[in-house]
Amino acid sequence: MFSQTTWTILPSNTTSHLSDITFLSTTHGFIVGENDTILKTTDTRSTWYSVFAASWDYFKSVSFYDDTTGFVISNQNLYTTTDGGNNWSLVYTSETSSLNVVFFVTPNMGFIGTDVSILKTIDGSQNWLSQSVANPINSITFPNPTKGYFVGGIDVSSLLYKTDNQGLT
């Protein structure tokens, strides 16, 4: 049972389809979506403003390690910021598979779920190791730096993956 009887609709200041949201604190958050949309708030979700306009990508996932270091992905591209989302740089392009979700455990160790693999970096996105999976990866979380969970699937073949060694196996 919900203690709150209604949800409050907040203005996002965009008409673009929105696909993911993350909050670093009660006041500082990011939303990503189509048409190059990366929105940022610093005032308890009251005002959202655009912080990126360079590619016309459809951003699908956003992950921040801390207040300054963050990552967003589109179908083929990974972008990073080191200044709290004010400036973004393209750091990786996939030539072979669609990128679905990004999650960084530390500023250097991160994961991307694709349609055919789990990608891992230990150097902040400069190099990526790939491990094949049976189904597309749709969500990633790490409650601590060594233990992580990945979920994915299509139709009736949904899968839950678990790692206890930083994604090595």
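A: Happy to. Let's start with F30, which is buried, with a relative accessible area of 0%. Please keep in mind that this is a predicted model.

The ring of F30 forms an aromatic pair with F64; the two are stacked, 4.2 Å centre to centre with 15 degrees between the planes. F30 sits in strand β2 and F64 in strand β5, 34 residues apart, so this pair links distant parts of the chain. F64 counts as buried too, at 10% relative accessibility, because the cut-off for buried is under 20%.

Both residues belong to the largest nonpolar core, which has 11 residues, including F30, V32, I38, F52, F64 and W88. Strands β2 (29–33) and β5 (61–64) each supply at least two residues of this core. Setting aside neighbours within four places in sequence, F52 is in contact with D36, I38, F59, Y79 and W88.

Apart from this core lies another one, of 10 residues, with V101, M109, I118 and V133 among them.

Now for the other ring pairs. The count of aromatic pairs comes to 11, and the F30 and F64 pair is stacked. The rings of F111 and F150, by contrast, have planes at 75 degrees and centres 5.6 Å apart, so that pair is edge-to-face. F111 lies in strand β10 (residues 110–114) and F150 in strand β14 (residues 148–152), so the pair ties together parts 39 residues apart in sequence. Both F111 and F150 are buried. Elsewhere, ring pairs link F71, Y92, F104 and W128 into a cluster.

If you follow β12 to its partner, you will find four bridges joining it to β11 (residues 117–121), running antiparallel. Within that pairing, K120 stands opposite L129 in β12.

One last stop is a charged pair. Side chains of opposite charge can pair when their charged atoms come close. The count of salt bridges comes to one: D164 with K162, whose closest N and O atoms are 3.6 Å apart. D164 is partly exposed, with a relative accessible area of 49%, and K162 is likewise partly exposed at 49%.

Terms used:
Residues numbered from 1 in each chain as written. Predicted model: local features only at pLDDT ≥ 70, side-chain atom pairs only at ≥ 80, totals over all residues. Heavy atoms only, no water. Core = buried A, V, L, I, M, F, W, Y, C linked by side-chain atoms within 4.5 Å. Buried < 20%, exposed > 50% of the residue type's maximum accessible area, 1.4 Å probe, protein only. Contact = heavy atoms within 4.5 Å. Pairing = 2+ DSSP bridges. Salt bridge = Lys/Arg side-chain N within 4 Å of Asp/Glu carboxyl O. Phe/Tyr/Trp six-rings, centres within 6.5 Å; stacked < 30°, edge-to-face > 60°.
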